[in-house]
Amino acid sequence: MINIQFWSILWTVVNLLILVVAFRIFFFKPIGKIIAKRQEEADEVYAKATAKENEANELAAQYEQKVAEAETEKKQIIAEARKSADGQYQKILDDAKTDAKNIHDAAVAEANHEKSQIIASAKKEIADIVVDATTKVVGSKTGADIDSKLFDEFLGKAGE
Amino acid sequence: MTLAEKLVEELNCEEVFRLHIGGFDIPIYESVVVTWIVMAVLILIAIFLTTGLKTQNISKKQAFAELIYEKLNAIVGATLGEEGKAYTGYLVTVLLYIGLSNIIGLFGFKSPTKDVNVTAALALMSIILVEAAGIYHKGIKKWLHSFVEPVAIVTPFNILDVFTRPLSLCMRLFGNVLGAFVIMELLKIVVPPVIPAVFSLYFDLFDGLLQAYVFVFLTSLYLKEAIE
């Protein structure tokens, strides 16, 4: 149809305007909205994931720091323990040494004491024996005290 | 009935009925009725595609709807650019309307675009949109000044453009649809059985969609020029 008809043109314009509005309502708006919404959701998920990652990194760093701290502490404790053990060892050793010395000294002193006792008793016995023998030999009891004195003197001089 | 008579009959757009609104006696032609059918089909498809939209675990239907949405916006947006985003909705709708109108002949209807009044209305709306967008984006002063650009001597041609552009849009679409229709009718008479089907792929389907694209492409080109 080539003749121009005003009403057809008007109708077409009206129809087209209605179609444009209908398409805006039924096609562009809902799909645009749903795509925007999905974008929003995706952004949200992404932001959340990023936050989680940061958190995890932070936690990892914290743990690492804690482990390092524990390591230092462990070393410190071991060093301290070693130090105190060394001290204890030294002390025990020193104590043992002192004890040993004391015991040794005591033993030496006792031995010396016993030795001198033995010597003294031996001296006395010898003197008695000599006196007895002399008494027997001399036969007189009276002269025995004198002789014993003399002998003591003699022995004392000889022992010096 | 001779071939010429048959063609003329096919080309004629019959008056289907008359509306009496107030003092007006409004005739309704075939092209308007088919336009209503096209609108109904498009709107029903749109409603069908956009029911039960979700953001996750989307259905195949929704994936298809989003694909169409993205592709159509991309096709129109490519020429329109960022500033003209507001006009994509209108242009996509026009693209779908002309596209379906051009190929609806395959389903036994008379294409509305075979009526020069329909293409004239489309072209009229395009040029009104272009000039209105120009005024809106530039302001009246700059819009008027754009007629003397790039040099004052082209002013008459620029003014002429306002009329030749819609005229060319209108006639290009109408002529292509009409031409394709005439060629198809002739082919059907000359080599009846199989061959017209093959040509129909080109003249009815491809050319129909191509002309819809060309119309929208040129409109968006004018729009971009007007709002820059």
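**A starting question**

Which residues does B:Val94 touch, not counting residues up to four places away in sequence? B:Val94 touches B:Leu122 and B:Val216. Two residues are in contact here if their C-beta atoms, placed from the backbone, lie within 7 Å.

**Basis and confidence**

This is a predicted model, in which local features need pLDDT of at least 70 and side-chain atom pairs count only at pLDDT 80 or more, while totals for chains, interfaces and linings use all residues. Residues are numbered from 1 along each chain as its sequence is written, and chains are lettered from A, and ligands numbered from 1, in the order in which they are written.

The model scores ipTM 0.86 and pTM 0.72. For chain B the average pLDDT (the predictor's confidence in each residue, from 0 to 100) is 85, and 100% of the residues score at least 70.

**Architecture of chain B**

Eight helices and two strands make up the elements of chain B; helices (H or I, at least four residues) and strands (E, at least two) are DSSP runs, numbered from the N terminus. Their order from the N terminus is α-β-β-α-α-α-α-α-α-α. The C-alpha atoms of chain B fill a box of roughly 60 × 55 × 45 Å, taken along the principal axes. Among contacts in chain B between residues at least 6 apart in sequence, 64% join residues at least 24 apart.

Strand E1 (residues 15–21) and strand E2 (residues 24–29) of chain B pair in the antiparallel sense over six bridges; two strands pair if DSSP finds at least two bridges between them. E1(B) and E2(B) form a hairpin with two residues between them, and B:Gly22 in the turn has a positive phi of about 60°. Within this pairing, B:Leu19 stands opposite B:Ile26 in E2(B).

**Burial and the nonpolar core**

A residue is buried if 20 or more other C-beta atoms lie within 10 Å of its own, exposed if 12 or fewer, and partly exposed in between, with C-beta atoms placed from the backbone. Of the 228 residues of chain B, 35% count as buried. E1(B) is hardly covered, as the count of buried residues among its seven residues is zero.

A nonpolar core is a set of buried Ala, Val, Leu, Ile, Met, Phe, Trp, Tyr and Cys residues joined through C-beta atoms within 7 Å. The largest one has 55 residues, and those with the most contacts inside it are B:Leu42, B:Leu91, B:Val94, B:Leu95 and B:Tyr97. Its largest share, 10 residues, comes from H5(B).

**The contact between the chains**

Chain A gives 28 residues to the contact and chain B gives 32. On the side of chain A that touches chain B, 20 residues are nonpolar, four polar and four charged. In this division Ala, Val, Leu, Ile, Met, Phe, Trp, Tyr, Cys and Pro count as nonpolar, Asp, Glu, Lys and Arg as charged, and the others, Gly among them, as polar.

**Annotated regions**

UniProt, in an unreviewed entry, places a transmembrane region at residues 6–28 of chain A. Over residues 6–28 the chain is 100% helix, with end C-alpha atoms 31 Å apart. UniProt positions follow the numbering used here, feature names are shortened, and annotations may be inferred rather than shown by experiment.
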